[in-house]
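This report goes through the secondary structure, packing and charged pairs of one protein model. Please keep the sequence and the coordinates at hand.

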Amino acid sequence: MAKPLEFEHGTTTLSFVFRGGVITAVDSRASLGNFVGSKTVEKVLPINSHMLGTMAGGAADCSYWIREVQAEADLFHLTYGYRMSVARASKLLANILDEYHKKGLDLSVGTMITGFDDNKSDVPSLYYVDNTGVRLSSSSFFSVGSGSTFALGILDQGWREDLTSEEAIALGIKAIRHATFRDAYSGGYINVFLITKENGWKRVYREDLAATMVETR
């Protein structure tokens, strides 16, 4: 029996917490081996007004299950009158993926879920969840994808808890840009999102890397 085809997937996603909130930054390239399937994939998906999920792995698997969590979060809000917590959303996803893993039906998911809870705490939450059901939390940063090694090098050097919002946005841009220069599977656009306790999430930066390369020649 012929072995199934195996293709390398690639991306760079990162999230980190700081004094002013959370930064989530991603590239936008979707690849299948050496083939670039899309340059404009939205790898950050909203779960509610103050919570985001990221996509790394199989685009279909990631987008489907993050949207399932989004639907559960909407139902939770309608039922109880307040937003689902980041911890609950990440645990829900981890439990689903763990059940698939136990049945030998592995998906391709490496996601970060991050944001603020609907309570008095000013401290954001950041979790990593993958297709084996692993669920990890961090008080600093995560980076996921083929370019994560390069992005982590920048975060290790530049991350501080007391970053200003402007410094944090600049650090997210720098980390993704560096990863796209060194990782062949990452590229397209840089998208950066800021989540704050007061205003929720918003996109604060978008850059077409191909246009930037042309301008700098």
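The sections below cover the model's basis, its sheets with their helices, and then its salt bridges.

## Basis of the model

The structure is a predicted model, in which local features need pLDDT of at least 70 and side-chain atom pairs count only at pLDDT 80 or more, while totals for chains, interfaces and linings use all residues. Residues are numbered from 1 along each chain as its sequence is written, and side-chain values use heavy atoms, with hydrogens and water left out.

Helices (H or I, at least four residues) and strands (E, at least two) are DSSP runs numbered from the N terminus. Two strands pair if DSSP finds at least two bridges between them. Axes are lines fitted to C-alpha atoms, for helices over the stretch in contact, and angles run from 0 to 180 degrees between N-to-C directions.

S1 and S10 run antiparallel and are joined by 4 bridges. Ser-15 stands opposite Phe-142 in S10.

Thr-196 lies in strand S11. With 11% relative accessibility, Thr-196 counts as buried (under 20% relative accessible area; exposed is over 50%, partly exposed in between, with a 1.4 Å probe and protein chains only). Leaving aside residues up to four places away in sequence, Thr-196 touches Gly-20, His-50 and Phe-116.

In helix H3 (residues 148-158), the buried residues are Ser-148, Ala-151, Ile-154 and Leu-155. Viewed down the axis of H3, these buried residues fall within an arc of 125 degrees, so they line one face of the helix (the arc is that of the directions from the helix axis to the C-beta atoms). The face turned away from the buried side of H3 carries the exposed residues Thr-149, Asp-156 and Gln-157. The buried residues of H3 pack against strand S1 (13-18), strand S10 (141-144) and helix H4 (165-182).

Among the buried residues of H4 are Ala-168, Ile-169, Leu-171 and Gly-172.

## The sheet S5-S6-S7-S8-S9

Another open sheet has 5 strands in the order S5-S6-S7-S8-S9, with antiparallel pairing. Strand S5 (44-48) and strand S9 (135-137) stand at the edges with a single partner strand each, so one side of each is left without a neighbour in the sheet. On average, and ignoring direction, neighbouring strands of this sheet are turned by 20 degrees against each other.

S8 and S9 run antiparallel and are joined by 3 bridges. Tyr-128 stands opposite Leu-136 in S9. H1 packs on the sheet, touching S5, strand S6 (51-54) and S7, and its direction makes about 15 degrees with that of S5. H2 lies across S6, S7, S8 and S9, running at about 5 degrees to S8.

## Salt bridges

The whole structure holds 8 salt bridges (a side-chain nitrogen of Lys or Arg within 4 Å of a carboxyl oxygen of Asp or Glu). One of them joins the side chains of Asp-118 and Arg-83 at 3.7 Å, N to O. Asp-118 lies in the loop between strand S7 (110-115) and strand S8 (125-130), and Arg-83 in the loop between helix H1 (59-80) and helix H2 (86-102), so the pair ties together parts that are 35 residues apart in sequence. Asp-118 is partly exposed at 36% relative accessible area, whereas Arg-83 counts as buried at 12% relative accessibility.

Glu-207 forms a salt bridge with Arg-177, with the closest N and O atoms 2.4 Å apart. Glu-207 is in strand S12 and Arg-177 in helix H4, so this pair ties together parts that are 30 residues apart in sequence. Glu-207 counts as buried at 7% relative accessibility, and Arg-177 is partly exposed at 27% relative accessible area. A network of salt bridges links Glu-42, Arg-203 and Arg-206.

Note on methods. Contact = heavy atoms within 4.5 Å.
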